[in-house]
Amino acid sequence: SPPEEVEDASEPTKRDRSHLENTLKLNEEKPADDVSGVLQRLRKIYHSSIKPLEHSYRYNELRQHEITDGEITSKPMVLFLGPWSVGKSSMINYLLGLDNTPYQLYTGAEPTTSEFTVIMHGPKLKTIEGIVMAADSARSFSPLEKFGQNFLEKLIGIEVPHKLLERVTFVDTPGIIENRKQQERGYPFNDVCQWFIDRADLIFVVFDPTKLDVGLELEMLFRQLKGRESQIRIILNKADSLATQELMRVYGALFWSLAPLINVTEPPRVYVSSFWPHDYNPETHRDLFLKEEISLLEDLNQVIENRMENKIAFIRQHAIRVRIHALLVDRYLQTYKDKMTFFSDGELVFRDIVEDPDKFFIFKSILAKTNVSKFDLPNREAYKDFFGINPITSFKLLSQQCSYMGGCFLEKIEKAITRELPDLLGSIGLGKKPNVLSCDVTGCGETPKNRYRKP
């Protein structure tokens, strides 16, 4: 039974944490799944079958997404986003039991978190400067250097010897402050958010009942979350600060303001609770709040347990994009070679192709001759910029990218997509979550056809 309320207690009653430890399996002594063998195989497939084509056709310049070894071996990442002072840092303190320790994250009514704070596992409590984190290539944060020195000063790492952090990494972000100009931050805030969004396995967007106004910066953020809807969880925090009737109204108002921003067929999951260590206010729906909190913890646990499946699916998705990019560049190059004569001006010929690829059926031929979905095709405008930096003559045709010993680049990536990665997925028992790599979506049973290569 709950402890009796003491009238003049200076310290508010703390909540029991046993449900946290049970749901997240923090007391289990069993060793964490040994995934190092699977990770080694995944790295090998990436380096031998995907990277050569990615490199050869400079895919990184199209999408700015280089996959480092640190990223392949990194733990699942949980990202906390939302307006300032809604309880993001308090929530992390609560999940990790950091309250009243020297390493608790600062919390307060005013905007307190001005840095991107990465909370990760380490043998002892210590903080790491952003500059040091970015310099360490073994970590997955080295690509952040590209955002400049101003940003690295706003990046901080905290290592905590906590069981949960052996399996997951938390990222706390500066709160969104409406009516503030971007340049006041001194670094590209949205680009940095996008970098973390692209890599997050779970994205908690936290609100509190007093901050439901959706302004430009929040709208921008939801635009960046497009395509990541399945990772988003909306949290209505501090729910025990309202009476039931008020809470219902606020819940409705939250949906009302978010509806135009999230256009998916099913609404995102919303958790209504109060994520901090103090006991719920009396006369509020404590049973509901506790159930909601346990659901959220189960959600988090699910992401941790499916870490390998998600990682393999992510690499496979990346491979599919690299393959499409290679086929397109090959097609542009083939068209260019066909149009060139002894007297033509190469630059003019190619400008004609880049300006109107549809005239030469470049994108249509890829759809017709390969099993690529039209929704997976990149934007044609992106190729104007891409070829602006990379002249077409600096590429080779796919049919020329073969060696006697190494085989053909295209065949290797196709084998990775259709056989090696699905087999790797099968080897770790997909029984847990069959929808991670649905063949309906990716057509993994069907071998990709490439009819450009001469038999």
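1. In helix α14 (residues 362-369), the buried residues are I362, F363, S365 and I366, where buried means under 20% relative accessible area and exposed over 50%, with a 1.4 Å probe and protein chains only; helices are DSSP runs of H or I with at least four residues, numbered from the N terminus. Viewed down the axis of α14, these buried residues fall within an arc of 165°, so they line one face of the helix, the arc being that of the directions from the helix axis to the C-beta atoms. K364 and A368, on the other side of α14, are exposed, and the cover over the buried residues includes α12 (307-339), α13 (346-355) and α15 (380-389), with contact meaning heavy atoms within 4.5 Å.

2. The model is predicted, so local features need pLDDT of at least 70 and side-chain atom pairs count only at pLDDT 80 or more, whereas totals for chains, interfaces and linings use all residues. Residues are numbered from 1 along each chain as its sequence is written, and side-chain values use heavy atoms, leaving out hydrogens and water.

3. N301 is located in helix α11 (residues 286-305) and counts as buried because its relative accessibility is 7%. Apart from neighbours within four places in sequence, N301 contacts T23, L24, K25 and R167.

4. R58 lies over the face of F395 at 4.8 Å from the ring centre, while the charged end of R269 sits 4.2 Å from the centre of the Y271 ring.

Terms used
Lys NZ or Arg CZ within 6 Å of the ring centre and 35° of its normal. Helix = DSSP H or I, 4+ residues; strand = E, 2+ residues; numbered from the N terminus.
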